Amino acid sequence: MRNLKGKTAIITGSGRKGGIGEAIAKMLAKRGCNVVITDIGKATGKNFGKSHIGSTSEMQSIVRAIKKDKGNAIAVPCDVRKSKDVQALVKKAVKKFGKLDIIVNNAGVGYIMEPFEEFKEASWDAVLDVNLKGAFLCSQAAAQQMIKQGKGGNIVNIASQAAKSGFPFAAAYTASKHGMVGLTRSNAIELGEHKIRVNAVCPNHITTGLGHWQNKFFSDKLGLEYDDYLQGIKDRNPLKRTGMVEDIAKAVCFLVSDEASYITGEAMNVSGGEEYH
Ligand SMILES: NC(=O)c1ccc[n+]([C@@H]2O[C@H](COP(=O)([O-])OP(=O)(O)OC[C@H]3O[C@@H](n4cnc5c(N)ncnc54)[C@H](O)[C@@H]3O)[C@@H](O)[C@H]2O)c1
């Protein structure tokens, strides 16, 4: 994967410590990419509270850690729901590093869970706006830049096991992640002629900040102790463990490298064998 050296990569939702985005950014930087850490940066409204989002100071601290490890990184706040923000994000990445080669659509909301018969319209919009519209806006802005450059590129959508299977209380999340796979396949067909490959990665459970919230939510619903619930997830998994953020980062590094040069439109499970279609 030496061919990643000198590439520019934007990773959305990468400003939260312990998250999948942070791990992807750090691994891409380690392999020679110039990385753009981007996240919403500040809490806004009831669905985007402090305890769920990557703050500006967290983003900056991730940048410092990458630089300390001899990598190249900048932090750019961006709300992926807003096309103006997204356009400015791509512009800043290109201004700083000269081009854009990779975008990873990782920003996501997975903590708005309601029984379907009570699912609020505002909750539905909040989830779909980040997970699906955000991926659309970012993919489009990145593709426009990559087409202009004329040298191809890579788009990776961080979907989920919920892109392949249904989950209770998660109608919006599951619909958004299935939608991301549809977006992946459609974009792969349209962008192939520009040598832009588009793939999705579908993780199962990983105990990030979001994963921890989901464990609490589902263990409470099932009346189980947190640790017993988590052990149940491990027991059901063929590899007898949950995923790690590095498992996803490795898959992304592979997909954006030349090792994967004939792979596009794929929705790759990284689930320890738990999800297989
Ligand atoms: N943790 C898991 O078990 C798991 C499993 C499957 C898929 N995923 C997906 O992986 C991705 C990363 O999740 P994570 O577990 O690292 O959680 P996380 O909460 O650490 O990361 C999500 C990030 O998205 C950011 N974000 C939310 N709204 C945004 C907006 N409007 N604009 C920009 N950024 C925004 C958040 O601030 C946060 O930093 C998500 O898309 C999630 O759905 C996670």
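In which sense do strand β2 and β3 pair, and over how many bridges? Strand β2 (residues 34–38) and β3 pair in the parallel sense over four bridges, where two strands count as paired if DSSP finds at least two bridges between them. This is a predicted model, in which local features need pLDDT of at least 70 and side-chain atom pairs count only at pLDDT 80 or more, while totals for chains, interfaces and linings use all residues. Residues are numbered from 1 along each chain as its sequence is written, and side-chain values use heavy atoms, with hydrogens and water left out.

**Sheet**

- An open sheet of seven strands runs in the order β3-β2-β1-β4-β5-β6-β7, with parallel pairing; strands (E, at least two residues) and helices (H or I, at least four residues) are DSSP runs numbered from the N terminus.
- The edge strands β3 (72–75) and β7 (267–270) each pair on one side only.
- On average, neighbouring strands of this sheet are turned by 20° against each other, direction ignored; axes are lines fitted to C-alpha atoms, for helices over the stretch in contact, and angles run from 0 to 180 degrees between N-to-C directions.
- Strands of a sheet pair through backbone hydrogen bonds, either parallel or antiparallel.
- N34 has N72 in β3 as its bridge partner.

**Helices on the sheet**

- Helix α2 packs on the sheet, touching β2 and β3, and its direction makes about 170° with that of β3; contact means heavy atoms within 4.5 Å.
- Helix α5 (residues 171–191) also packs on the sheet, where it touches β4 (102–105), β5 (153–158), β6 (196–203) and β7. The direction of α5 makes about 160° with that of β6.

**Helix α1 with α2**

- The axes of helix α1 (residues 20–30) and helix α2 (residues 56–68) come within 10 Å and cross at roughly 25°.
- That angle makes α1 roughly parallel to α2; angles under 35 degrees count as roughly parallel, over 145 as roughly antiparallel, 65 to 115 as roughly perpendicular and the rest as oblique.
- The crossing of α1 and α2 is right-handed; a crossing is right-handed if the near helix is turned clockwise from the far one by less than a right angle, and left-handed if anticlockwise.
- In α1, E22, A25, K26 and A29 meet I62, A65 and I66 of α2.
- By class, this contact of α1 with α2 has five nonpolar, no polar and two charged residues. Ala, Val, Leu, Ile, Met, Phe, Trp, Tyr, Cys and Pro count as nonpolar, Asp, Glu, Lys and Arg as charged, and the others, Gly among them, as polar.

**Helix α3 with α4**

- Helix α3 (residues 83–97) packs against helix α4 (residues 121–149) at an angle of about 40°, with their axes 9 Å apart.
- The two helices α3 and α4 are therefore oblique to each other, and α3 passes α4 in a right-handed crossing.
- S83, V86, Q87, V90 and V94 of α3 meet L137, C138, A141, A142, Q144 and Q145 of α4.
- The contact of α3 with α4 comprises, by class, seven nonpolar, four polar and no charged residues.

**Helix α6 with α7**

- Helix α6 (residues 209–222) and helix α7 (residues 226–236) have axes that come within 9 Å and cross at roughly 105°.
- Helices α6 and α7 are therefore roughly perpendicular to each other.
- H212, N215, K216, F218, S219 and L222 of α6 make the contact with Y226, Y229, L230 and I233 of α7.

**Domains**

- The domain assignment, which is automatic or from a database, gives domain 1 (2–204 + 245–263) and domain 2 (207–242).
- The C-alpha centres of domain 1 and domain 2 lie 25 Å apart.
- In contact across the two domains are 13 residues of domain 1 and ten residues of domain 2.
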